[in-house]
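Please look over the sequence and the model shown here.

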Amino acid sequence: MKKIIFSVIRFAVSFFLIYFLLRKIDFHNLSSQLKNINYYFLLLAFVTQLATVFVGSYRWQTLLAGREIRIGFKKLLSYSFIGLFFNFFLPGSSGGDFVRMYKVIDHTEDKMYAGISVLAERIIGTYTMISFVLISCLFSFDLLPHKFLYSTFSVIIVFFCILSLFIFLKTWIIGLINKLPAKGNIFNKIKENVIIFYEAVHFFITHRQVLIKIMFLSFIMQFFAIISFYFTAKSIGLSLAVFYFFIFVPIMFFITAVPISIGGIGVREGVFVYLFGFAGVSSDVAVMVSLLFFSLGILIGLIGGVVHFWSGMKK
């Protein structure tokens, strides 16, 4: 029941934010820009966004290989596409991750570590995104209001500290779990599974050689995502230096990651309008770029839907 209520609230947030933004759009200007869309740049935007899925699948394979879990790249790529499909078309923001966990555990006896690899991948990816955002805040000091930057910077630092404490205080956290009073076999089993879960996460994110490679691949994914936004903007004739995208887009990704709307709809467009307004981009153009980028993501998600239903038919 709580999940349903939360999903309804997120849908309502998306609806009202989009409604508010659409009221500001000059649809006549929007129509003329859509007629003159540059399909070459739009294709580049699609390809670079698609590249994030391929790099992400290789990152996942690398993470699993660090635990000697060998699964083919093609198989993991198909699971990544399927995960994207469920992320877009299921209520909630983690549906695709649970699907990927469910899929991958069938390929190994080390089921706990295989499943937790998805969470570990998310945590490392979050660290990378935080790094991008911190750099963005520093370089946008003369572009954005200081109050906004201080607020964003403060939230990031708090989030970074909490995440770091969870990762690096392994002995203290496990000791705290072990001190919890025993209340029957079921409770002890839960404690045991929580410890295994934590140790699995800790293994993935403290395995130095694997961690360095994973973080590098995460930076590549962020790079492709930012460039995809740049090409999307170019496709509708927005001539803006790529510098602004490397400054603003990571901040937008970080804020959009907060699960207060469906697929970030509304929040992403609102943040995009706000940030790129300081670069002289009009509201209607900013909303169009953001929605066009999201549409390309949906198209990639639909590929995952085809893969999912095709694999189901083969069974």
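The sections below cover the basis of the model, its salt bridges, its aromatic pairs and a helix.

## Basis

This is a predicted model, in which local features need pLDDT of at least 70, side-chain atom pairs count only at pLDDT 80 or more, and totals for chains, interfaces and linings use all residues. Residues are numbered from 1 along each chain as its sequence is written, and side-chain values use heavy atoms, with hydrogens and water left out.

## Salt bridges

The structure holds three salt bridges. The term means a side-chain nitrogen of Lys or Arg within 4 Å of a carboxyl oxygen of Asp or Glu. Side chains of opposite charge can pair when their charged atoms come close.

Glu121 and Arg59 form one of them, at 3.2 Å from N to O. This pair links distant parts of the chain: Glu121 sits in helix H6 (residues 111-139) and Arg59 in helix H3 (residues 39-65), 62 residues apart. Helices are DSSP runs of H or I, at least four residues, numbered from the N terminus. Glu121 also bridges to Arg100, with the closest N and O atoms 3.0 Å apart. Here helix H6 is linked to helix H5 (residues 95-104), which holds Arg100; the two residues are 21 apart. Shared partners join Arg59, Arg100 and Glu121 into one network.

Buried means under 20% relative accessible area, exposed over 50%, and partly exposed in between (1.4 Å probe, protein chains only). Glu121 is buried at 3%, Arg59 at 10% and Arg100 at 9%. By contrast, Glu68 and Arg70 are both exposed. Their salt bridge has its closest N and O atoms 2.9 Å apart.

## Rings

Arg100 has another contact. Arg100 lies over the face of Trp60, 4.5 Å from the ring centre. The rule asks for NZ of Lys or CZ of Arg within 6 Å of the ring centre and within 35 degrees of the ring normal.

The model has 21 aromatic pairs. Rings of Phe, Tyr and Trp (its six-membered ring) pair if their centres lie within 6.5 Å; planes under 30 degrees apart are stacked, over 60 edge-to-face, the rest tilted. Phe54 and Phe73 form a tilted pair, 6.5 Å centre to centre with 35° between the planes. Phe54 is in helix H3 and Phe73 in helix H4 (residues 73-89), 19 residues apart. Phe54 is partly exposed at 35%, and Phe73 is partly exposed at 28%.

## Helix H10

Helix H10 (residues 208-235) has 28 residues and spans 41 Å from first C-alpha to last, close to the expected 40 Å. The expected span is 1.5 Å times one less than the number of residues. Gly237 follows H10, with a positive phi near 85°.
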